[in-house]
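My entries follow in the order in which I looked.

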Amino acid sequence: MTEAARNEQDPPVGEVARGAGFAVAPGTAKRPGVLVAMPFDRALLARFKENFPTARWRRKLRRWFVPGTTAEQRADAWIAREISALDAYGDDKGRDAYAFEPLDSSYLTAEPEALLVRTPYSRTVVETLRTIPFAAWTPEIRAWRVPWRSYEALKEVWAVIEEAAAANEPAARRARREAARDPAAEAERRRRRHPVPRGDAPPLGAAVEVAGAGVVVFEALDDAPITETEALAHYPAITAPGPLVWGWWRIPTPAEIAGTMPAAAPDAPGRGWWPATRTGLEERRRRLRETARAQATRAAKAHAKDAAAESGPARP
């Protein structure tokens, strides 16, 4: 068998079996849609073409490509109807299996039509639920809807889902943050200073990137070499030889970020600073947006509180 023939028989990347010979795989960012594999049947193919008139056959992949940003949801709904017709008692079997061996969890709700899964956000949970046939995210109720016919598949992976959900509870995340806290390091970060080589200092007033703080703008440099060895312990990434001095920095403005030409990669990480990279600039831009949104929210709440105080209590 030739290499090309073997490649034609390999399933597309990300393909997920839906049961009964059906499978789906995502399209690409350039061409959103879904690839659909299904058992050959003339009547089934006619129903497929009737429901998806824009679908096109991909000969090399031996799959049908359905274009559109909602193609996966539409294809899953159609496949669910077809399999339901093939196995009319699938949902009843799932209900019987649940009655005999139920999953008792605060993340799972059993409803007459389907099982609802609600958990804190977790990439592991999302990726695991996507492997379950016909499981679909329902934004209106902010829950994953799993049909009863997929109960056995859900039960097989439930331990993974429950463990990942518990690990992403707010209390669990707070506990991990508290355990990882280093008060001395946090105090050092709040001083907004960074050691730099005296003979190879960053340019003042320009956006550069440093280990730990990200993209910053240095405003001043000390003359005297650093003698605080304990403080230097918070900057293990700096390996440059020669005397180090403190550089005092601030957060760049959005205009400074926009006017900075990104570097391809850090040129000398060991000296503690380097020209800002595209990744660093994007991260700093994201954090600036988050800070602006938080400030706007606090200002709106303060304004609403002041307005309520000025209006005084309602008259009878």
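Entry 1, the largest pocket. I began with the lining by class, and found 15 nonpolar, three polar and eight charged residues; here Ala, Val, Leu, Ile, Met, Phe, Trp, Tyr, Cys and Pro count as nonpolar, Asp, Glu, Lys and Arg as charged, and the others, Gly among them, as polar. I note that this is a predicted model, in which local features need pLDDT of at least 70 and side-chain atom pairs count only at pLDDT 80 or more, while totals for chains, interfaces and linings use all residues. Residues are numbered from 1 along each chain as its sequence is written, and side-chain values use heavy atoms, with hydrogens and water left out.

The space in this largest pocket comes to about 780 Å³, where a pocket is an open set of points on a 1 Å grid over the protein atoms alone, at which a 1.4 Å probe fits, with protein on both sides within 12 Å along at least five of seven lines, and lining residues have an atom within 4 Å of a point. Of its 26 lining residues, I listed Asp 76, Ala 135, Ala 136, Trp 137 and Trp 144 as those nearest the centre. Helix H3 (71-86) is among the elements that supply at least two residues each, together with strands S1 (16-19), S2 (22-26), S8 and S9, and H3 gives the largest share, five residues. Helices (H or I, at least four residues) and strands (E, at least two) are DSSP runs numbered from the N terminus.

Entry 2, strand S9. I then followed S9 (residues 143-147), where four of the five residues are buried, buried meaning under 20% relative accessible area with a 1.4 Å probe, protein chains only. S9 runs antiparallel to S8 (residues 136-138), with three bridges between them, and I counted the two as paired since DSSP needs to find at least two bridges for that. Thr 138 has Ala 143 of S9 as its bridge partner, and in the four-residue stretch between the strands of this hairpin Arg 142 takes a positive phi near 50°. S7 (residues 114-117) is also antiparallel to S9, through four bridges, and Leu 115 stands opposite Val 146 there.

Are the residues of S10 buried or exposed? Arg 193, Pro 195 and Pro 197 point one way and His 194 and Val 196 the other, and I found all of them buried. Five bridges join S10 to the antiparallel strand S13 (residues 244-250), with Val 196 opposite Val 245. I traced the open sheet of five strands in the order S10-S13-S12-S11-S14, with antiparallel pairing; its edge strands are S10 (193-197) and S14 (273-275), each pairing on one side only. Further in, four bridges join S11 (residues 207-210) to S12 (residues 214-221), and Val 210 has Gly 214 of S12 as its bridge partner.

Terms used. Buried < 20%, exposed > 50% of the residue type's maximum accessible area, 1.4 Å probe, protein only. Points joined across faces, edges and corners; volume = space filled by probe spheres on them.
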